[in-house]
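Trainee: I have not looked at this protein before. Could you take me through it one question at a time?

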Amino acid sequence: MKIKYQDQAVVFNCINIMALPIIRCLGQQNINSYGFFGKGKEFNFYTNIIRHSKFLKEKFFFDDSDYSSGLINALVDFGKGQKEKSVIFLASDQDMIITSRHRDILKDYFLFTFPPHELLDTLLNKEKFINLAYDNNLPIPKSKKILSGKNIEEATKDFDFPFIIKPSWRDDNWLTKFHEQKILHINSKRDIEQQISIIETVDTKFLIQEIIPGSEKNIICSFAILDDNSQPIEIGHCRKIHQYPAYFGNTSLAEPIIDDEVEELSLKIFKILQLKGYASIEYKKDQRDGKLKILEITPGRFNRQFAVTNLVGLNLPYALYNYLLGREHKSSKIVYSKARWVSEINELRTIKTYIKSKEHSLIDWIKELWRINWFEIFDRRDIRPFFILLIKLIKLPFIQFWYKLKIRRMINKIYYFSSPLISRRLQIFLRRKLILRKKLVCKNIWPIDKRAAKLPGNWSGWPGNKQFALILTHDVDTANGHKKCHALIKLEQKLGFMSSFNFVPKRYDVSPELRSYLSNNGFEVGVHGLYHDGKYFNSRKIFQERTIKINQYLKDWNVVGFRSPSMLRNLKWFHDLNIEYDASTFDTDPFEPQSDGVCTIFPFLIPNNSSNGKGYVELPYTLPQDFTLFVLMQEKGIEIWKKKLDWIAEKGGMALLITHPDYMNFDGTNLGDEEYPVEYYIELLEYIKTKYEEQYWHVLPRDMARYWVNTKK
Ligand SMILES: [Zn+2]
């Protein structure tokens, strides 16, 4: 069945963003577009955006493994099924060259107008273009051809720095070495020396060209639709404001201008070169002699920023369409506009560079944005491509950065800290789900991260030639945990162990009797923050305010050790604390809210490089926390503890364990949802005692810190 469409256009290759404004310009005049997409790039970033334009009547995906024949075959197949010829619109130089080469086949099915193939080839080839420019007296920047990279040093002698080197054609050779880079920017003799070895290996002809001084605002473009006599049907101009990559790339921000001098020169050049159909010229105004110099001529295919002419009331694709169909086209009346055109993606990628270079401030930029009235992707009348872009943006780095800052903090709040938004039960439920997933992902770094076994510099072993060190610590998070301390102390004493107890002084009353009992019986006391919340690091101010109070407790209790609630930490800020050691880090524990491990099973010094020079020792915990194993992972035994301990013993490191009396069940009945039998802990202590009798240095954290300072001085 043959379908007859009165008004239709064929646009390719729609993997290029230039296709979208063409499709929309035509769509606004009720012209259906048929989009051709290279299939091998089905997941190309722009393909997925453009294919959602409501103005695309139909989409064709062609096999682009052999690009040229794939494209031409697809076009011919399509053309054969149509009663009338369709108008062709192109979006890349490559498509231009291929279409031009096959113009004899395509002319039976399609309408188009191109300059002769030889001229196209000359215009697209930088080196051939110089000859053409010199022959026709066209104004171009000072340029020189070099036939091979070998002559480059000699050839650049009469150029002042900085200048650029361009390949005459970006062939595969160039693309594999320099990828998307269009030019080499040479600032100094050293740059040449650095590039020369690469350039020598690229078998392409080159061009050396001076850089016209001045900002990008001196770059001006003309866009025109020309008839077969190179007379303009429509013509418009713009000034560039930003480019991506900055200074030498594609337009990211531009404004329309009306400029008689530019128009006159462009018309002259179009005539000299006998261009037809779509053509554009990019100039830079040279402030040294006040002349416009040609940077680039693009024949036959629309370029990225042509849509800036929409702002003054032009519709170039529609003008070309009417011309090719032999219809009358009423030239638009140009209405000057202060509005601007932006490529959202390029502008976001490039703005950092401009602000960094002090070219303008963030405020200036926001003022410029205010005037934007035409977007590359956003369009109220065709909104779906923009939504697709938004979804894609989530994957871009800058959004990830934002996500890390804001959303992660929010998620952390929900997952790790008591929050009015969520009950404790639900929080534990969510954390259990999360941890099971994470455990799989992290199986190579948890419970053992092999890299953490690396010995410290000048390592001479533990005191008494012991195989490994053992430190037991307890964080007493709640009043309930505080109640169970005595039972825990008794248990350790019975088995011949000692430990440190870290209390949260502002969360519950810490019994002075308990503290003095601990101090007098070979145990240690430490400070576990002030409150058990996640707010310590919300601002430097909050931390400093709390530091004053924490230091007061350290002094009143006559203790030297600190552990931060939920292991939230900033080791630099900890210098404000009057401590000998901190124990808020871990070798590996991806399940903590601040999940980066320090990747060592040894203590290490945190020197203070400022004023008094007194640093502290960092004691990472190296065995998984009881809460992680028994409450979240709901382990029913101590296999993981044993496995990790054996590994630490084998590597001769420091086994440092955190357990919480809060979660220990001492009476053997009524095991709460957040409890585990204390027998697990007893089993571990007995395991250590029997398997490693006399082989470990059992020490309090305070004494470990002092030992570390003394041996490392
Ligand atoms: Zn705690």
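Trainee: Which residue in β2 stands opposite A9?

Mentor: Keep in mind that this is a predicted model. β1 and β2 run parallel and are joined by five bridges. In β2, the residue opposite A9 is S33.

Trainee: Is β2 largely enclosed or left open by the rest of the structure?

Mentor: The strand has seven residues, and six of them are buried. A residue counts as buried if 20 or more other C-beta atoms lie within 10 Å of its own. With six of seven residues buried, β2 is therefore largely enclosed.

Trainee: Which residue of β3 stands opposite G38?

Mentor: β2 also pairs with β3, which covers residues 56–62. The two run parallel and share six bridges. The residue of β3 opposite G38 is F62.

Trainee: Is N30 buried or exposed?

Mentor: N30 is in the loop between α1 and β2 (32–38), and its phi is positive, near 60°, although it is not a glycine. It has 9 C-beta neighbours inside 10 Å, and a residue with 12 or fewer is exposed. N30 therefore counts as exposed.

Trainee: And M567, is it buried or exposed?

Mentor: M567 is found in the loop between β20 (561–562) and β21 (581–582). Its phi is also near 60°, a positive value in a residue other than glycine. There are 21 other C-beta atoms within 10 Å, so M567 is buried.

Trainee: Which strands stand at the edges of the seven-strand open sheet?

Mentor: The order is β14-β13-β10-β11-β12-β15-β16, with mixed pairing. An edge strand here has a single partner, so one side of it is left without a neighbour in the sheet. Neighbouring strands are turned by 30° against each other on average, direction ignored. The edge strands are β14 (291–299) and β16 (372–375).

Trainee: What is the bridge partner of I225 in β11?

Mentor: Strands of a sheet pair through backbone hydrogen bonds, either parallel or antiparallel. β10 (residues 219–226) and β11 (residues 232–244) pair in the antiparallel sense, over seven bridges. In β11, the partner of I225 is E234.

Trainee: Why is the protein called more spread out than a compact globule?

Mentor: The protein contains 25 helices and 27 strands. For 713 residues the globule rule gives 27 Å, and the radius of gyration is well over that, so the protein is more spread out than a compact globule. The C-alpha atoms fill a box of roughly 105 × 65 × 45 Å along the principal axes. The radius of gyration behind this answer is 36 Å.

Trainee: How far apart do the C-alpha centres of domain 1 and domain 5 lie?

Mentor: The protein is divided into domains, including domain 1 (8–112) and domain 5 (470–712). The distance between the C-alpha centres of these two is 66 Å.

Methods. Residues are numbered from 1 along each chain as its sequence is written. This is a predicted model: local features need pLDDT of at least 70, side-chain atom pairs count only at pLDDT 80 or more; totals for chains, interfaces and linings use all residues. Helices (H or I, at least four residues) and strands (E, at least two) are DSSP runs, numbered from the N terminus. The radius of gyration is taken over C-alpha atoms; the globule rule is 2.2 Å times the number of residues to the power 0.38. Two strands pair if DSSP finds at least two bridges between them. Domain bounds come from an automatic or database domain assignment. Axes are lines fitted to C-alpha atoms, for helices over the stretch in contact, and angles run from 0 to 180 degrees between N-to-C directions.
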